[in-house]
Structures are given as structure tokens and as C-alpha cells.
Amino acid sequence: MGSMTLASPLSTIKYFDAVRDKVPAARESVRLFLAPGVLHCGGGAGPDRFDALTAMERWVEQGTPPASMIATKANQPLSRPLCPYPQLARYQGAGDPNDAASFTCAAP
């Protein structure tokens, strides 16, 4: 039997959009980073290790919101940028497809 998604990313996106619609200040103070292939809290094939705490500290203490976060997979040579929704990690067409440096965050 295949993997089962416990929390739909679609319901998370719907909630995120609702917050931004109801609270105009949220457009500048809230970001959503989806981690494709990770499942709810880990266990999927996607890269599931990233440092959200440092990104939040920089945002709060220095006023610099995260443009992306690099995620890695334990014991595998796999990394990807996690992009602020609605942007997605897009392969640039050259370079190692397992290396985050070969990707850029772009609108769908």
C-alpha cells in the first residue's frame, strides 16, 4: 500500500489564504513554506530537514523575511529550496537534480 497524506496541503493553503484575506497585515508578516514529498511531519521521500528557527530569528531580529530555506534529506545527497507559497522550486535545466543550487524559486 502507498503512503497516505494525513494533512492535505490544500487545506493548509486554504487556511493561509483565509488568514491573509481577513488580516491585511498578514500579507507582510506571514509566509507559508510547503515541503513537497515530506508527508505531514516526515517519512516521505522529500527533503525534510530545514532550519525554520534561524529563518524566523532573522525575520524578527533583522527584518529580513526568508526568500527560501534549504531542505536536506538525512543520509541522502538530496537538497531542495523550500519556497514561499505560491512559488515553487523549479529545476533550472542544468546541474545536479539532487542539489538545491540547481533550482530556483519561481511562480507557477
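1. Start with the contacts in the protein chain. Among those between residues at least 6 apart in sequence, 33% join residues at least 24 apart. Contact means heavy atoms within 4.5 Å.

2. Keep in mind that this is a predicted model: local features need pLDDT of at least 70, side-chain atom pairs count only at pLDDT 80 or more, and totals for chains, interfaces and linings use all residues. Residues are numbered from 1 along each chain as its sequence is written, and side-chain values use heavy atoms, with hydrogens and water left out.

3. Next, the fold elements. The protein chain has three helices and four strands. From the N terminus on, their order is α-α-α-β-β-β-β. Helices (H or I, at least four residues) and strands (E, at least two) are DSSP runs, numbered from the N terminus.

4. Now the overall extent. The C-alpha trace of the protein chain spans about 40 × 35 × 25 Å along its principal axes. Of its 108 residues, 23% count as buried. Buried means under 20% relative accessible area (1.4 Å probe, protein chains only).

5. Look at R20. This residue is found in helix α1, residues 9–22. R20 touches A26, R27 and V30, not counting residues up to four places away in sequence.

6. What is the nearest side chain of opposite charge to R20? It is D17, 5.3 Å away. R20 is buried yet has no salt bridge. A salt bridge needs a side-chain nitrogen of Lys or Arg within 4 Å of a carboxyl oxygen of Asp or Glu. Lys and Arg count as positive and Asp and Glu as negative; His and the chain ends are not counted.

Technical notes. Buried means under 20% relative accessible area, exposed over 50%, partly exposed in between (1.4 Å probe, protein chains only).
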